[in-house]
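Take a first look at the model below. Then read on for a guided walk through its parts.

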Amino acid sequence: MANDIMNDDIFLQAFAGQIGDNWTIIGAILGIGNASLQQMHMNNPRNQRETNFQMLKAWTQREGQNATRCCALASKLSGAGLNELANWVINYGGAP
């Protein structure tokens, strides 16, 4: 299950709720362009969690197999100093 967790909308929704105000930082870490992030936010102006979910969904769709492991996301978060979020991903997703 840990290998497929990133393709799980339930995981993505749960993580979207954890991101909070870090959404633009995480978007940049995931390589989502600023224009795309702003468009996602404009599409969901009163629902930050949905904006976060759309950002994560776009990343998993773009990255395909590279985004299927929690450790890929956790590593990116750790590298940016977002260790609390990285630990959440590892604990929720069961990444090694």
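The walk goes from the whole chain to its core, then to single helices and side-chain pairs.

This is a predicted model. The protein chain holds 6 helices and 0 strands. Read from the N terminus, its elements run α-α-α-α-α-α. The chain has 96 residues, and 36% of them are buried. Its accessible surface comes to about 5200 Å². Carbon and sulfur atoms account for 46% of that surface.

How do parts of the chain meet? Take the contacts between residues at least 6 apart in sequence: 69% of them join residues at least 24 apart.

Now turn to the inside. The largest nonpolar core has 23 residues. Six residues have the most contacts inside this core: Phe 15, Ile 26, Met 55, Leu 73, Leu 77 and Val 89. Two or more residues of this core come from each of H1, H2, H3, H4, H5 and H6. H1 gives the most, with 5 residues.

Is Leu 77 buried or exposed? Its relative accessibility is 0%, so Leu 77 counts as buried. Which residues does Leu 77 touch, leaving out those up to four places away in sequence? They are Phe 15, Ile 26, Leu 82, Asn 83, Leu 85, Ala 86 and Val 89. Leu 77 and Ile 25 are 52 residues apart in sequence, and their C-alpha atoms are 9.6 Å apart in space.

Stay with H5 for a moment. Cys 70, Leu 73, Ala 74 and Leu 77 are buried in this helix. Seen down the axis of H5, these buried residues fall within an arc of 100 degrees, so they line one face of the helix. What do they pack against? The buried residues of H5 pack against H1, H2, H4 and H6. Just after H5 comes Gly 81, which takes a positive phi of about 80 degrees.

Helix H6 spans residues 83-93. Its buried residues are Leu 85, Ala 86, Val 89 and Gly 93. They cover an arc of only 105 degrees around the axis, so they sit on the same side of H6. The face turned away from that buried side carries exposed residues, Glu 84 and Asn 91. The buried residues of H6 pack against helix H1 (9-19), helix H2 (23-29) and helix H5 (70-79).

How many aromatic pairs does the structure hold? It holds 5. One of them joins Trp 88 and Tyr 92, and this pair is stacked. The ring centres are 4.8 Å apart, with 15 degrees between the planes. Why are these two separated by about one helical turn? Trp 88 and Tyr 92 are 4 residues apart in helix H6. Tyr 92 has a relative accessibility of 37%, so it counts as partly exposed.

Next come the charged side chains. Side chains of opposite charge can pair when their charged atoms come close. A search of the whole structure finds 2 salt bridges. In one, the side chains of Asp 9 and Lys 57 meet at 2.6 Å, N to O. This pair links distant parts of the chain, with Asp 9 in helix H1 and Lys 57 in helix H4, 48 residues apart. Asp 9 is partly exposed, at 35% relative accessibility. Another salt bridge joins the side chains of Glu 63 and Arg 62, at 3.0 Å, N to O. Glu 63 is partly exposed, with a relative accessible area of 26%. Arg 62 counts as partly exposed too, at 43%.

The last stop is a loop. Asn 44 is found between helix H3 (34-43) and helix H4 (48-63). Leaving aside neighbours within four places in sequence, Asn 44 is in contact with Glu 50, Thr 51 and Gln 54.

Conventions
Residues are numbered from 1 along each chain as its sequence is written. This is a predicted model: local features need pLDDT of at least 70, side-chain atom pairs count only at pLDDT 80 or more; totals for chains, interfaces and linings use all residues. Side-chain values use heavy atoms; hydrogens and water are left out. Contact means heavy atoms within 4.5 Å. Buried means under 20% relative accessible area, exposed over 50%, partly exposed in between (1.4 Å probe, protein chains only). The arc is that of the directions from the helix axis to the C-beta atoms. Rings of Phe, Tyr and Trp (its six-membered ring) pair if their centres lie within 6.5 Å; planes under 30 degrees apart count as stacked, over 60 as edge-to-face and the rest as tilted. Accessible areas come from the Shrake-Rupley method with a 1.4 Å probe; for residues, only the protein chains shown count as cover. A salt bridge is a side-chain nitrogen of Lys or Arg within 4 Å of a carboxyl oxygen of Asp or Glu. A nonpolar core is a set of buried Ala, Val, Leu, Ile, Met, Phe, Trp, Tyr and Cys residues joined through side-chain atoms within 4.5 Å.
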